[in-house]
Amino acid sequence: MIQKPSIPKGTRDFLPAEVVKRNYIFDTIREVFRLYGFQPIETPAMENLSTLMGKYGEEGDKLLFKILNSGDFISKVPEKIIDEKDSGKLTPQISEKGLRYDLTVPFARFVVQYRNDLTFPFRRYQIQPVWRADRPQKGRYREFYQCDVDVIGSDSLLNEAELLQIVDDVFGRLKINTVVKVNNRKILAGIAEIIGEHNRLTDITVAIDKLEKIGLEKVNQELAEKGVAVEAISRLQPILDLSGNTSEKVGQLEAILSTSETGMKGVSEIKTLFEYIERMQLTAQVELDLTLARGLNYYTGAIIEVKTTDMDMGSICGGGRYDDLTGIFGLPGVSGVGVSFGAERIYDVMEQLSLYPQKSAESTRVLFVNFGEKEEAYCLSLLSKLRQAGVNSEIYPESAKMKKQMTYANKKEIPFVVLAGESEMGSGKFTLKNMTSGEQHVVAAEELIKIVIQS
RNA sequence: GUGGAUGUAGUUCAGUUGGUUAGAACGCUGGAUUGUGGUUCCAGAGGUCGCCGGUUCAAGUCCGGUCUUCCACCCCA
């Protein structure tokens, strides 16, 4: 019985043309990362659940893909737990591994484990897939690639500034217009402190994160529903109303947050960061956005989010500073900062705006038409020479009909076809056909190589 | 996880109040053209109508379930 072939929900196969385009994105990003002195690492697709659980908040734990233990995983589970039918209790009994949810937490684990082999500040990049058991949507998949750059073991805000420069550089090369939004968790903490709700930080940030989307009224409503005091909400209003350019906002914040040590620290960090990037002359516009919260709860300082201004799409890049991610793994006091580029969303943006360079679609440059055994043998040495000269070339593997071979070349968008039959063999030459113009000339091997390389 | 929409040749889509052999365009294969692709003309192949069940004399069409894709919420790259 045959079954219809399929792949799991939210995953995708990639055809050659798609892989070529994706590689163009990966190559561009990788090139920039290396330019700024970052080194590559890789970590396994699966991690111990103890490494992953509790790092992404309650929501995150639910979105982790868990791997069933091998062998007879059920017999050792106490009957009581099975009878209770409580997934929360059963899961740790039958699963101890999970697919990684992002690259930052595995990186923290990695840093702690290899601390003696690494040179700090450690600048690493990592381009690998991650998995989330989210419900798929446009621009949201269950398996997707992240391209992370992080500097760990340095408090300097110069790192934040350099990451913004990298962001600017990458999207400049990919020709995507962006707006970079920056905020600081310390400012958000300061705000929570000032309004007297310092232990409701998460609820407050999640709510004001929606300001742009649902409006002030609904944000206030949500805050009230979450149990934030009415007085605190009213004290929050002037902060949500902040307007003007970055330096104006900073000025107002300094006045509002003057009694909060944490808040003032955040404001000073933002000031320093903007001083740096002013000197770096970025192309993209960078703005302070107090409504930017970002859910990942390990961020402690700067938070960064990048959106394209070319179309409506979720963030295509995001990140921030985490002061103590390695602490959980036994190495406290090591601060890191990083950003993650979302390859799939960048792909979707580039696809819709047709931003791929023409050249990236091409694979084979020269096809040898196969006329039979003798002709095949005649072609092989030139084929080798072309390849040695770095020209992507292939010979049709059987002496099929001419029309079929030409159609093959046409579909693969091969720009040159070499024809060598009896008459060419007699003269020791080759017919080179330009598939774009339709012109063809009889030339010697050396000249053929020269023409192909030069065009 | 909650709510809503969707699914018909390889692809994009038609398909009337349920009614006989489910259509088109593009693509594919072959031919016109035995050493020449893209244009044109001719012919042909290709569908358990997502899957399972129900209602009916009769289901692509109605009902239930399930899966996929998409949208909103949640969250996020």
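I began at N177, which touches K307, T308, T309 and D310 once residues up to four places away in sequence are left out of the count. The model I am reading is a predicted one, and I keep that in mind for every entry below.

**Entry 1, N177 and its loop.** I placed N177 in the loop between α7 and β7. I then looked up its accessibility and found N177 partly exposed, with a relative accessible area of 46%; it falls in this class because the value lies between the 20% under which a residue is buried and the 50% over which it is exposed. I also checked T283, which is 106 residues from N177 along the chain, and found their C-alpha atoms separated by 9.1 Å.

**Entry 2, K175 in the loop between α7 and β7.** K175 sits in the loop that runs between α7 (157-174) and β7 (178-184). I noted a positive phi of about 65 degrees for K175, although K175 is not a glycine. I wrote this down because most residues other than glycine have a negative phi. K175 is exposed, with a relative accessible area of 57%.

I found a second case at E413, which has a positive phi of about 55 degrees and is not a glycine either. E413 belongs to the loop between α17 (402-411) and β14 (416-419), and it is exposed, with a relative accessible area of 57%. I then turned to the peptide bond from F120 to P121, which is cis, with omega near -5 degrees. P121 lies in the loop between α6 (104-113) and β5 (122-131). I marked this bond because most peptide bonds are trans.

I looked up how chain A is divided, and the assignment gives domain 1 (10-172 + 342-357), domain 2 (178-309) and domain 3 (366-454). For domain 1 and domain 2, I read a distance of 26 Å between the C-alpha centres, and I found 17 residues of domain 1 in contact with 20 residues of domain 2. The area buried between domain 1 and domain 2 is about 1500 Å², and carbon and sulfur atoms give 76% of that area.

In α15, which spans residues 343-353, I listed A343, E344, I346, Y347, D348, V349 and M350 as buried. I asked what covers the buried residues of α15, and the elements include α1 (16-35), β6 (143-152), α7, β9 (302-308) and β11 (336-342). Just after α15, S354 takes a positive phi of about 45 degrees.

Last, I looked at how helix α11 (residues 216-225) packs with helix α12 (residues 230-240), and I read an angle of about 145 degrees, with the axes 11 Å apart. The crossing of α11 past α12 is right-handed. On the α11 side the contact is made by L216, N220, L223 and A224, and on the α12 side by I233, L236, Q237 and L240. I sorted the residues of this contact into 6 nonpolar and 2 polar, with no charged residue.

Definitions and conventions
Residues numbered from 1 in each chain as written. Chains lettered and ligands numbered in written order. Predicted model: local features only at pLDDT ≥ 70, side-chain atom pairs only at ≥ 80, totals over all residues. Heavy atoms only, no water. Axes fitted to C-alpha atoms, helices over the stretch in contact; angles between N-to-C directions. Helix = DSSP H or I, 4+ residues; strand = E, 2+ residues; numbered from the N terminus. Left-handed = near helix turned anticlockwise from the far one by under 90°. Contact = heavy atoms within 4.5 Å. Nonpolar A, V, L, I, M, F, W, Y, C, P; charged D, E, K, R; others polar. Buried < 20%, exposed > 50% of the residue type's maximum accessible area, 1.4 Å probe, protein only. Domains from an automatic or database assignment. Buried area = accessible area lost by both parts, 1.4 Å probe.
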